Amino acid sequence: MPPASLLRETEAFLHEQIPLTKAMGVQVEGYDNTALVLTAPLPLNHNHLGTAFGGSLATLATLAGYTLLWLELGERGSHIVIQDSQIRYKAPVRGELRAVAPRIPPDLLKEFRRTYAKSGKARLTLAITMVSENKTCVEFTGTFVALK
């Protein structure tokens, strides 16, 4: 687990550079050897049914992929954008929004960094899940591009 300061700095970066994250109440809950976890409170992200708004779920999943790649790449001057995404809503989220982005396998990350260093551009497809009430409620796949 990285120092708490890295989590706070990452959260501050998101709130400063992507203002929607502050309005949504996005927090960087954790980043360890297995995954990055972003959360957002339901009261700021609910729909007319009292469950999580689909747009908030899609946004948090996109942010989880973006943030994971930003942290893994480690080059703060890089620009990361989403090129393509697919989302599947399997069940309503009735509590805290929680996006889990598994860490990138070392060999895939090494190749990504090599391509980025060589050409100034690299892309990677990431899978993000959102779990609520002990079941997977959202499955998200996004292709992210890092640019120098």
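**View 1. Confidence along the predicted chain.** Among the elements of the chain, helix H1 has the lowest mean pLDDT (92) and strand S4 (residues 97-102) the highest (98); pLDDT is the predictor's confidence in each residue, from 0 to 100. Helices (DSSP runs of H or I, at least four residues) and strands (DSSP runs of E, at least two) are numbered from the N terminus. For the chain, the mean pLDDT is 95, and 99% of the residues reach 70 or more. The model is predicted: local features need pLDDT of at least 70 and side-chain atom pairs count only at pLDDT 80 or more, whereas totals for chains, interfaces and linings use all residues. Residues are numbered from 1 along each chain as its sequence is written, and side-chain values use heavy atoms, with hydrogens and water left out.

View 2. Leu-7, Thr-10 and Leu-14 are the buried residues of H1 (buried: under 20% relative accessible area; exposed: over 50%; partly exposed: in between; 1.4 Å probe, protein chains only). They lie on the same side of H1 because they cover an arc of only 65° around the axis, the arc being that of the directions from the helix axis to the C-beta atoms. An α-helix has 3.6 residues a turn, so residues three or four places apart point the same way. Arg-8, Glu-9 and Glu-16 are exposed on the other side of H1. The cover over the buried residues of H1 includes helix H2 (20-24), strand S1 (27-31) and helix H3 (54-73).

**View 3. The surroundings of Thr-10.** Thr-10 belongs to H1 (residues 4-17) and is buried, with a relative accessible area of 1%. Beyond its neighbours within four places in sequence, Thr-10 is in contact with Val-28, Thr-67, Trp-70 and Leu-71, where contact means heavy atoms within 4.5 Å.

**View 4. The crossing of helices H3 and H4.** The axes of H3 and H4 (residues 106-119) come within 11 Å and cross at roughly 75°. Axes are lines fitted to C-alpha atoms, for helices over the stretch in contact, and angles run from 0 to 180 degrees between N-to-C directions. The two helices are therefore roughly perpendicular to each other (65 to 115 degrees; under 35 counts as roughly parallel, over 145 as roughly antiparallel and the rest as oblique). Leu-69, Glu-72 and Leu-73 of H3 make the contact with Leu-109, Phe-112, Arg-113 and Tyr-116 of H4.

View 5. Glu-133 is placed in the loop between strand S5 (121-132) and strand S6 (135-147), and its phi is near 55°. Asn-134 is found in the loop between S5 and S6 and has a positive phi of about 60° although it is not a glycine. At 79% relative accessibility, Asn-134 is exposed.
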